[in-house]
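I opened this model to look up two things. My notes cover charged pairs and nonpolar packing.

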Amino acid sequence: MSRKLYFECRSGISGDMAVAALLDLGADREALERALDSLPLEGFRYEITRVKKSGLDVCDFNVILDRKIDNHDHDMEYLHGHGAGEAYSHEHFHSQEPSHPHSHGSEGEHIHEQSHPHVHEHRGLKEILEILDQGDMTEGARETAKKIFRILGEAEAKAHGVSIDQVHFHEVGAVDSIVDIVAAAVCADSLDIRDVVIPCLYEGCGTVRCQHGILPVPVPAVANIIEARGLSVRFMDLEGEFVTPTGAAIAAALKTEDQLPARFKILKTGMGAGKRTYERPSILRAMIIEAEDGREEQIYKLETNIDDCTGEALGYTMQRLLEAGARDVHYTPVFMKKNRPAYELNVICTEEKREELEHIIFEETTSIGIRRIPVERTVLDRRMVQVDLPWGKASLKICGTGTREWVYPEYESVAELAKKAGIPFAKMYQIVKDSAL
């Protein structure tokens with residue numbers, strides 16, 4: 001049985017929430033500290049502590065910026081206050097040369113000391129990727145961090161109507177965003193779980209203040225990530241920005257599936273605290289889960305009635321559909337209006353293949369309409385194996401629930417061996433099946 005990482009984003013998601021939840025799950029803290037301490041960045045320190053949220057004990061990952069580059073991300077009066085708020089812009093970044101001492105504060109706190117005069121520097125995606133290349137982290141973590149930044153950069157570029165090369169510091173290069181993204185990538189990589197389930201992002205409503213002025217929630221960058229990456233979103237009747245651009249980019253980069261197993265065991269739970277104060281507590285819950293017997297997945301059933309189409313055309317259509325990735329294809333004889341004989345075509349497919357398969361049906365048959373029905377199904381875990389027999393290799397499919405297995409020889413290999421051996425198909429089928437028991 002495979003383990004999966006499940007993010008429950010009912011209170012939104014941000015970079016610091018994701019890092020804290022992963023740390024609470026048992027992500028490698030030493031790997032995190034090693035990566036962050038090696039980055040050629042200054043003007044920040046970070047703390048890993050425990051805090052109370054709605055009476056719950058949760059992990060908190062806090063990036064604390066120098067006042068010179070503080071970005072007000074957690075200032076509720078600035079974000080949602082009615083006044084003009086403090087004048088705020090971080091169009092330019094004041095940076096130092098890469099070499100700088102690190103010192104450790106109290107337990108759980110790391111400090112990056114400043115020891116150089118400030119100079120103005122615009123930091124674009126190219127410079128950020130160079131920073132990531134200098135970090136002490138695994139290649140897997142580095143590639144994940146770069147993927148997150150590219151997703152974020154593409155979304156900001158679209159929002160501002162510029163190319164991704166023209167997106168500079170304040171869109172994708174804020175120090176806390178770099179730290180959050182590197183930390184999330186390192187923590188996720190250290191857990192070594194490749195399947196990440198994120199069914200839905202929950203977002204609030206209203207407006208939020210940023211350096212560009214007052215923007216509607218979700219802000220353009222978040223909306224662009226949701227659109228480009230096919231993330232599901234549900235809007236809550238709660239005012240506030242629950243999904244930040246960094247949080248959305250992390251979700252888009254890590255997500256591999258959006259359907260939870262029908263039944264699963266929870267192996268471990270982690271909870272990460274957010275800094276903003278809304279009506280719904282900002283807590284991101286992450287779980288390491290393991291699916292129980294059987295595996296549920298959502299698929300689509302495509303259905304259409306076809307007449308005035310030859311048997312050869314229908315056979316060719318079936319072949320094309322299967323070759324294009326349909327899970328199953330079959331015809332059922334039916335009688336249509338005026339008692340016309342016809343066939344009902346049924347195709348089982350995934351959401352990703354649906355549009356392509358519908359195009360094949362319209363192209364190859366006389367159908368003028370297709371019924372599309374989302375359905376759920378439970379399937380057994382399966383694997384393919386080969387066995388050696390005197391006449392050659394035979395392929396078998398083994399399906400199971402964890403407590404019981406079923407063996408199914410593959411038709412083509414059984415037929416080939418039956419011809420070679422001069423043995424009836426049914427007898428060879430049993431020989432192949434017995435060889436795997």
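Below are my entries on salt bridges, then on the cores.

**Ground rules.** I am working with a predicted model, where local features need pLDDT of at least 70, side-chain atom pairs count only at pLDDT 80 or more, and totals for chains, interfaces and linings use all residues. Residues are numbered from 1 along each chain as its sequence is written, and side-chain values use heavy atoms, with hydrogens and water left out.

**Entry 1: salt bridges.** I searched the whole structure and got 31 salt bridges. The criterion is a side-chain nitrogen of Lys or Arg within 4 Å of a carboxyl oxygen of Asp or Glu.

I looked up Glu-227 and Lys-158. Their side chains form a salt bridge, at 3.2 Å from N to O. Glu-227 sits in helix α8 (residues 220-229) and Lys-158 in helix α5 (residues 139-160), so this pair ties together parts that are 69 residues apart in sequence. Helices here are DSSP runs of H or I, at least four residues, numbered from the N terminus. Glu-227 is exposed, at 56% relative accessible area. Lys-158 is partly exposed, at 49%. My cut-offs: buried is under 20% relative accessible area, exposed is over 50%, and partly exposed is in between (1.4 Å probe, protein chains only).

**Entry 2: a pair within one helix.** Glu-351 and Arg-354 also meet in a salt bridge, 3.6 Å from N to O. Both belong to helix α11 (residues 351-364); they are 3 residues apart, about one helical turn. Glu-351 is partly exposed at 38%, whereas Arg-354 is buried at 15%.

Next I checked for shared partners. Glu-303 is buried at 12% relative accessible area. Lys-301 is partly exposed at 27%.

**Entry 3: nonpolar cores.** Which residues touch the most other members of the largest nonpolar core? Among its 74 residues, they are Phe-7, Leu-23, Leu-36, Phe-61, Val-182, Leu-201 and Ile-225. Helix α7 (residues 175-191) gives the most to this core, with 12 residues. A core is a set of buried Ala, Val, Leu, Ile, Met, Phe, Trp, Tyr and Cys residues joined through side-chain atoms within 4.5 Å.

Leaving out residues up to four places away in sequence, Ile-225 touches residues including Ile-151, Leu-152, Ala-155, Leu-231, Pro-245 and Ala-252. Contact means heavy atoms within 4.5 Å.

How values were computed
Helix = DSSP H or I, 4+ residues; strand = E, 2+ residues; numbered from the N terminus.
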